[in-house]
Amino acid sequence: MDLLEKIKSNASKLNKRIVLPEGVEPRTLQAASIILKEKIARVILLGAQDEIDAKVKELGVDVSAAEIVDPKTDSRRDKYAGMMVEIRKKKGLTKDEALTLLNDPLYFGPMMIKAGDADGELAGAINATGDVLRPAFQFVKTLPGVSVVSGAFLMFVDKKFGHDGVLVFADCAVMPDPDAAQLAEIAITSAQTAKSIVGLEPRVAMLSFSTMGSAKHPLVDKVLEATKIAKEKAPDLMLDGELQLDAAIIKEVGELKAPGSPVAGKANVLVFPGLEAGNIGYKLVQRLAGAEAIGPVLQGMAAPINDLSRGCSVNDIVNMVAVTANQAQ
Ligand code: ACO
């Protein structure tokens, strides 16, 4: 069974409740019908019943097994607003402001998770990353001991690379310009994602345009410093840097440029030095090399909330719901 099938089959066993705030969006509804038919997860669609009904009829899909919740009229609004005021009391959020925020499904979804009424969320088919993430950052927050949420992609490439053709790329979605400490945290949480979702033994490469001191530049120093911090925080983790991409994934180049490195030439987790490199890098591999890219899988959040690229397909949504359900276990 390939990895995707394993992720879906495990999701089915978990039977988690995944909230889809973009409940009237056509790809989301098509994906919901597949998810329900294949019993990958239970689905909660957010939106007005009549609007969802009209779109379902137009598309000819069956989402009758989904729970439909209208954020504007739901009976839990008052309770959620109270919770929001409590969470943001230092920021001075008022109940009226909270009730207004709850009209937005991107706020209602995370509050369902916070209240224990859903297990995970997936959105972003029609909303920008920042709009999906901000409510999650504000109300769901990070895991204990984690200060930075980042986004990983599971990349499916030629079997000669990574772990049988699977690599984890991060951060490709969230932190525009991480400092060394944040980059170290991204490396550690990416290794955890690789372990828990892909089931691989992580070998983490801290990427740069330099390998083991071949170039001198403040940007290289940042990656070196991040490597040092990550090694101190996770001494058992197989992690090395700074490495160029070829030294990280090609055995011969790794042996030449970084002899003795436990990671060079066989990395399966690639940590990019910043979001420009990470976001452009994963899209290059996806579009030019034809790799399947699943993600961004958000890591470090206290509950599984994931974002989609607005260019996502129905299949991408189905796959990401399965990943979200796996994260919720
Ligand atoms: N991890 C945890 N919390 C965070 C993070 C993070 N990475 N970033 C911000 N926060 C928190 C802040 O601490 C703050 O919390 P507070 O309100 O309790 O004090 C809250 O989130 C809002 O912080 P801001 O700095 O005001 O956040 P802002 O909204 O400006 O930016 C955002 C956050 C939206 C994630 C921003 O960093 C961003 O736009 N990143 C790029 C996203 C993107 O466009 N990615 C590329 C597309 S994705 C793709 O192609 C698949």
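Colleague: Which residues are the closest among those that surround the ligand?

Modeller: In this predicted model, the ligand is surrounded by 22 residues. By class, that shell divides into twelve nonpolar, five polar and five charged residues. The closest of the surrounding residues are Arg88, Arg134, Val149, Ala173 and Val174.

Colleague: How far is a polar side-chain atom of Arg88 from an oxygen atom of the ligand?

Modeller: Arg88 is listed among the closest residues around the ligand. Val149 places a polar backbone atom 2.8 Å from a nitrogen atom of the ligand, and for Ala173 a polar backbone atom is likewise 2.8 Å from a ligand nitrogen atom. With Arg88, by contrast, the pair is made by a polar side-chain atom and a ligand oxygen atom, and their separation is 2.7 Å.

Colleague: What share of the ligand's accessible area does the protein cover?

Modeller: A polar backbone atom of Ala173 lies 2.8 Å from a nitrogen atom of the ligand. On its own the ligand has 1000 Å² of accessible area, and the part of this that the protein covers is 64%.

Colleague: Which element gives the most to the shell around the ligand?

Modeller: A polar backbone atom of Val149 is 2.8 Å from a nitrogen atom of the ligand. Two or more residues of the shell come from each of helix 7 (129–140) and helix 12 (275–288). The element that gives the most, with five residues, is helix 7.

Colleague: Where is Asp171, which a cis peptide bond joins to Ala170?

Modeller: The peptide bond between Ala170 and Asp171 is cis, with omega of about -20 degrees. Asp171 has its place in the loop between strand 6 (166–170) and helix 8.

Colleague: What is omega of the cis peptide bond that joins Gly295 and Pro296?

Modeller: Pro296 has its place in strand 10, which is made of residues 292–299. The bond that joins Gly295 to Pro296 is cis, and its omega is about 0 degrees.

Colleague: How many of the 19 residues of helix 8 are buried?

Modeller: At 1.5 Å a residue, the 19 residues of helix 8 should span 27 Å, and its end C-alpha atoms, 26 Å apart, agree with that. At the start of helix 8, a side-chain oxygen of Asp179 comes to within 3.2 Å of the backbone nitrogen of Ala181, while just after the helix Gly199 takes a positive phi of about 75 degrees. Helix 8 is largely enclosed by the rest of the structure, because its buried residues number 14.

Colleague: Leaving aside neighbours within four places in sequence, which residues is Leu237 in contact with?

Modeller: Leu237 belongs to the loop between helix 9 and strand 8. Its C-alpha atom is separated by 9.3 Å from that of Glu201, a residue 36 places away along the chain. Once neighbours within four places in sequence are left aside, the contacts of Leu237 are with Ile188, Ala191, Pro202 and Val204.

Colleague: Is Gly23 buried or exposed?

Modeller: Gly23 is found in the loop between strand 1 (17–20) and helix 2 (26–37). Not counting residues up to four places away in sequence, Gly23 touches Leu29, Leu45, Leu46 and Ile52. Its relative accessibility is 1%, and since buried means under 20%, Gly23 counts as buried.

Colleague: Is Lys39 buried or exposed?

Modeller: Lys39 lies in the loop between helix 2 and strand 2 (42–46), and its phi is positive, at about 55 degrees, although Lys39 is not a glycine. The relative accessible area of Lys39 is 61%, and because the cut-off is over 50%, this residue is exposed.

Colleague: What is the relative accessible area of Met212?

Modeller: Met212 has its place in the loop between strand 7 and helix 9. Its phi is near 45 degrees, a positive value in a residue other than glycine. Met212 is partly exposed, and its relative accessible area is 38%.

Note on methods:
Residues are numbered from 1 along each chain as its sequence is written. This is a predicted model: local features need pLDDT of at least 70, side-chain atom pairs count only at pLDDT 80 or more; totals for chains, interfaces and linings use all residues. Side-chain values use heavy atoms; hydrogens and water are left out. A residue is near a molecule or strand if one of its heavy atoms lies within 4 Å of it. A polar contact is a pair of N or O atoms within 3.5 Å; within protein, one must be able to donate a hydrogen and the other to accept it, and residues adjacent in sequence count only if both atoms are side-chain atoms. Accessible areas come from the Shrake-Rupley method with a 1.4 Å probe; for residues, only the protein chains shown count as cover. Helices (H or I, at least four residues) and strands (E, at least two) are DSSP runs, numbered from the N terminus. Ala, Val, Leu, Ile, Met, Phe, Trp, Tyr, Cys and Pro count as nonpolar, Asp, Glu, Lys and Arg as charged, and the others, Gly among them, as polar. Contact means heavy atoms within 4.5 Å. The expected span of a helix is 1.5 Å times one less than its number of residues. Buried means under 20% relative accessible area, exposed over 50%, partly exposed in between (1.4 Å probe, protein chains only).
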